[in-house]
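Please look over the sequence and the model below. A short report on the sheet, the helices and a few single residues follows.

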Amino acid sequence: MKIGFDIDDTLINLREHAFHLYNKKMNQQIPLAVFHKLERVEIHEPFGLTEEQGRDMWNASLEEIYYTTCPPFPNAVELLQEFERDGHEIYYITSRPKEHGERTKAWMQALGFPVKNEQFFYGMKDEEKNNIMKELQLDYYFDDKPEVLNTLLNESDTKVFVKHQSYNQNVQLPRISELSEIRELITNVKKD
Ligand SMILES: [Mg+2]
């Protein structure tokens, strides 16, 4: 089976990690409950930042957001290692900017994610993910971002799933809350 994953907020808990960093940097203690109610991907609003300030804050913090202690979601590493052992092909498709691609790949490998060079794609614009998914003929694809998922709604060949987040509740696609649910999906297909 060819299984594709977005990285940020699908496999790793990036926005929450950034939220903690913002609290620290801005000397605030905004509770996580606020984070869990956000209806958009961007996290700057509870900190009283304008759109522009929010963008600047994100870009100025990018090094720390990307390469420090952002945790994978529970079971992410183990699950993907297990899929790899079982002979599935794991693909990573991220919109992280090109200049961060190789470092991100190394960072993922250091965490234990099974990453093959030729199965790791970065610098993908939202609509480009659709093309690469078709080219690769993925059986499954998982992502969190509404703008990406909405471009994939009409694709029938790949089974696309939403990784549940507060800001993607309106996306009309099958969804998973925990990554471990994927194991069941794949195992059931094998049985069919
Ligand atoms: Mg994402």
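## The sheet

Ile3 stands opposite Ile90 in strand 2. This is a predicted model, where local features need pLDDT of at least 70, side-chain atom pairs count only at pLDDT 80 or more, and totals for chains, interfaces and linings use all residues. Residues are numbered from 1 along each chain as its sequence is written. Helices (H or I, at least four residues) and strands (E, at least two) are DSSP runs, numbered from the N terminus. Two strands pair if DSSP finds at least two bridges between them.

Strand 1 (residues 2-5) and strand 2 (residues 89-93) run parallel, joined by 4 bridges. Strand 1 also pairs with strand 4 (residues 140-143), in the parallel sense, over 3 bridges. Here Ile3 stands opposite Tyr140. Gly4 has Tyr141 as its bridge partner. Phe5 has Phe142. Phe142 in turn has a bridge partner in strand 5, Phe161. Strand 4 and strand 5 (residues 159-163) pair over 4 bridges, again in the parallel sense.

The whole sheet is open, with 6 strands in the order 3-2-1-4-5-6 and parallel pairing. Which strands stand at the edges? They are strand 3 and strand 6 (175-176). Each has a single partner strand, so one side of each is left without a neighbour in the sheet. Strands of a sheet pair through backbone hydrogen bonds, either parallel or antiparallel.

Arg175 sits in strand 6.

Leaving out residues up to four places away in sequence, Arg175 touches Phe161, Val162 and His164. Touching, or contact, means that the C-beta atoms of two residues, placed from the backbone, lie within 7 Å. Phe121 is 54 residues from Arg175 along the chain, and their C-alpha atoms are separated by 23 Å.

## Helix 1 against helix 3

Two packed helices are described by the angle between their axes and the distance between the axes. Helix 1 (residues 14-25) and helix 3 (residues 51-67) pack at about 110 degrees, with axes 10 Å apart. That makes helix 1 roughly perpendicular to helix 3. Axes are lines fitted to C-alpha atoms, for helices over the stretch in contact, and angles run from 0 to 180 degrees between N-to-C directions. Angles under 35 degrees count as roughly parallel, over 145 as roughly antiparallel, 65 to 115 as roughly perpendicular and the rest as oblique.

Helix 1 brings Leu14, His17, Ala18, Leu21, Tyr22 and Lys25 to the contact. Helix 3 brings Met57, Ser61, Glu64 and Ile65. By class, the contact has 6 nonpolar, 2 polar and 2 charged residues. Ala, Val, Leu, Ile, Met, Phe, Trp, Tyr, Cys and Pro count as nonpolar, Asp, Glu, Lys and Arg as charged, and the others, Gly among them, as polar.

The buried residues of helix 5 (residues 101-111) are Thr104, Lys105 and Met108. Seen down the axis of helix 5, they fall within an arc of 100 degrees, so they line one face of the helix. The arc is that of the directions from the helix axis to the C-beta atoms. Their cover includes helix 3 and strand 3 (120-121). On the other side of helix 5, Glu102, Ala106 and Ala110 are exposed. Gly112 follows helix 5 and has a positive phi near 105 degrees.

In helix 4 (residues 76-85), Ala76, Leu79 and Leu80 are buried. They cover an arc of only 95 degrees around the axis, which puts them on the same side of helix 4. Just after helix 4, Gly87 takes a positive phi of about 90 degrees.

## Two asparagines with positive phi

Asn27 is in the loop between helix 1 and helix 2 (32-35). Its phi is positive, near 55 degrees, in a residue other than glycine. Asn27 is exposed, because 6 other C-beta atoms lie within 10 Å.

Asn75 lies in the loop between helix 3 and helix 4. Although not a glycine, Asn75 has a positive phi of about 75 degrees. Asn75 is partly exposed, with 15 other C-beta atoms within 10 Å.

Terms used: A residue is buried if 20 or more other C-beta atoms lie within 10 Å of its own, exposed if 12 or fewer, and partly exposed in between; C-beta atoms are placed from the backbone.
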